Each structure stands twice: as structure tokens, then as C-alpha cells.
Amino acid sequence: LRVLRIIRVIRFLKQLYLLAYGFLEGAMAVFWVAILAGSVIYLCSVILVRTYGNPAEDDPDYDFFSQKFYSVPASMFTLFEIMSSPTLQTYRGPLSRHPLLVGFIVTFVLFGSFGMNGLLTGVISESIIDKNQARIEENRQERETKRRLL
């Protein structure tokens, strides 16, 4: 009876191991997606600073552009805000006067925010599916070994 309990505990630990391994794989996926997102944000912020970083003083959106896109770090933070929460209410005025910026921001939201979330979900799901396939193959081999012994 005690031997059966030990076997149950080992099975439980095996499931715990699979969960911990899946969590570790997910953490690695989050790390690489964060590196990719940071690179995309950096590249886009350089483009925005070069395009909108030095507005003319008579521009009606001078305060907006000099606050949001005056440097690469400020632009990166602005793009991170847009990526994490794409509410564009505060950008309504400048976007209505700068159609190129509208196209850029919409493309950035589509690929940056939604694309990164989709990529992250896909990578984690693929990792879980691969681990599950390995577990199924391991179970099949165990059953085959047991069947040969009998």
C-alpha cells in the first residue's frame, strides 16, 4: 500500500516538473519577445525623433511633439505606452493634422501591440504543445516497455 502511495507522489512530481518546465519555457519566450519588442520600439522611436522631434515653433502641435518625441528615450516611452495600452485619445489633435503619423501609429499598434501579443501567445502555445507531444511519446514508450515485460 505504501509503495502505491510513493508511485502516486512520483507521478505528482512528474506533473509538477512538467508545469515548472512549461513555465520556464514561457519565461524564455517572454524574454525573447521583450527583446524583439524593445528593438522594434527603438527603431520606430529613432524614425519618429528624426521626423517629428524638432517641430517648428509655429506648429500648433509644438508642445505635443516636443514633449513626446524630443529624444529617443522619450519617444521609446511614448511608443511603449501606445503598445501597452493603445488608447489614442490624447493623440487625437496631432493625428488629425499629421496623416503620415496616423499611418505610422496605426501600423505600429497593429504590428507592435497586437502582433507582439499574438507572437507571445503563439510561442508559449507552441512550447506547451511540443512538451505535451514529448510527454505523449514518453508515455507510449513506457506502455510499450511494460507490454514487452508482460
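Which residues in α3 meet which residues in α5? Keep that question in mind while we look at the whole model.

This structure is a predicted model. The protein averages a pLDDT of 83, and 89% of the residues score at least 70. The mean is lowest in helix α1, residues 2-52, at 79. The mean is highest in α3, at 91.

Now take the overall plan. The protein has five helices and zero strands. Read from the N terminus, the elements run α-α-α-α-α. Of the 150 residues in the protein, 25% are buried. Look next at contacts between residues at least 6 apart in sequence. Among these, 67% join residues at least 24 apart.

Back to the opening question. On the α3 side stand Leu 79, Ile 82 and Met 83. They meet Ile 105, Phe 108, Val 109, Gly 112, Ser 113 and Met 116 in α5. By class, this contact of α3 with α5 has seven nonpolar residues, two polar residues and no charged ones. Helix α3, residues 72-84, packs against α5 at an angle of about 60°. Their axes are 8 Å apart. The crossing of α3 past α5 is right-handed.

The largest nonpolar core holds 19 residues. Within this core, Leu 79, Ile 82, Leu 101 and Phe 108 touch the most other members. Helices α1, α2 (62-68), α3 and α5 each supply at least two residues of this core. Its largest share comes from α1, with six residues.

Follow Phe 108 for a moment. Leave aside its neighbours within four places in sequence. Phe 108 is then in contact with Val 40, Ile 41, Cys 44, Leu 79, Ile 82, Met 83 and Ser 113. Leu 79, Ile 82 and Met 83 are the α3 residues from the opening question.

Next, visit the loops. His 98 sits in the loop between α4 (92-97) and α5 (99-149). Is His 98 buried or exposed? His 98 has a relative accessible area of 17%, so it counts as buried, because the limit for buried is under 20%. What does His 98 touch, residues up to four places away in sequence not counted? The list is Tyr 52, Asp 59, Asp 61 and Phe 65.

Asp 61 lies in the loop between α1 and α2. Its relative accessibility is 3%, so Asp 61 counts as buried. Apart from neighbours within four places in sequence, Asp 61 is in contact with Pro 94, Arg 97 and His 98.

Ser 66 is in helix α2. It counts as partly exposed because its relative accessibility is 25%. Ser 66 and Gly 53 are 13 residues apart along the chain. Their C-alpha atoms are separated by 6.4 Å. Ser 85 lies in the loop between α3 and α4. At 38% relative accessibility, Ser 85 also counts as partly exposed. Ser 85 and Val 109 are 24 residues apart in sequence. In space they are 9.3 Å apart, C-alpha to C-alpha. Val 109 is one of the α5 residues that α3 meets.

Definitions and conventions: Residues numbered from 1 in each chain as written. Predicted model: local features only at pLDDT ≥ 70, side-chain atom pairs only at ≥ 80, totals over all residues. Heavy atoms only, no water. Helix = DSSP H or I, 4+ residues; strand = E, 2+ residues; numbered from the N terminus. Buried < 20%, exposed > 50% of the residue type's maximum accessible area, 1.4 Å probe, protein only. Contact = heavy atoms within 4.5 Å. Axes fitted to C-alpha atoms, helices over the stretch in contact; angles between N-to-C directions. Left-handed = near helix turned anticlockwise from the far one by under 90°. Nonpolar A, V, L, I, M, F, W, Y, C, P; charged D, E, K, R; others polar. pLDDT = per-residue confidence, 0-100. Core = buried A, V, L, I, M, F, W, Y, C linked by side-chain atoms within 4.5 Å.
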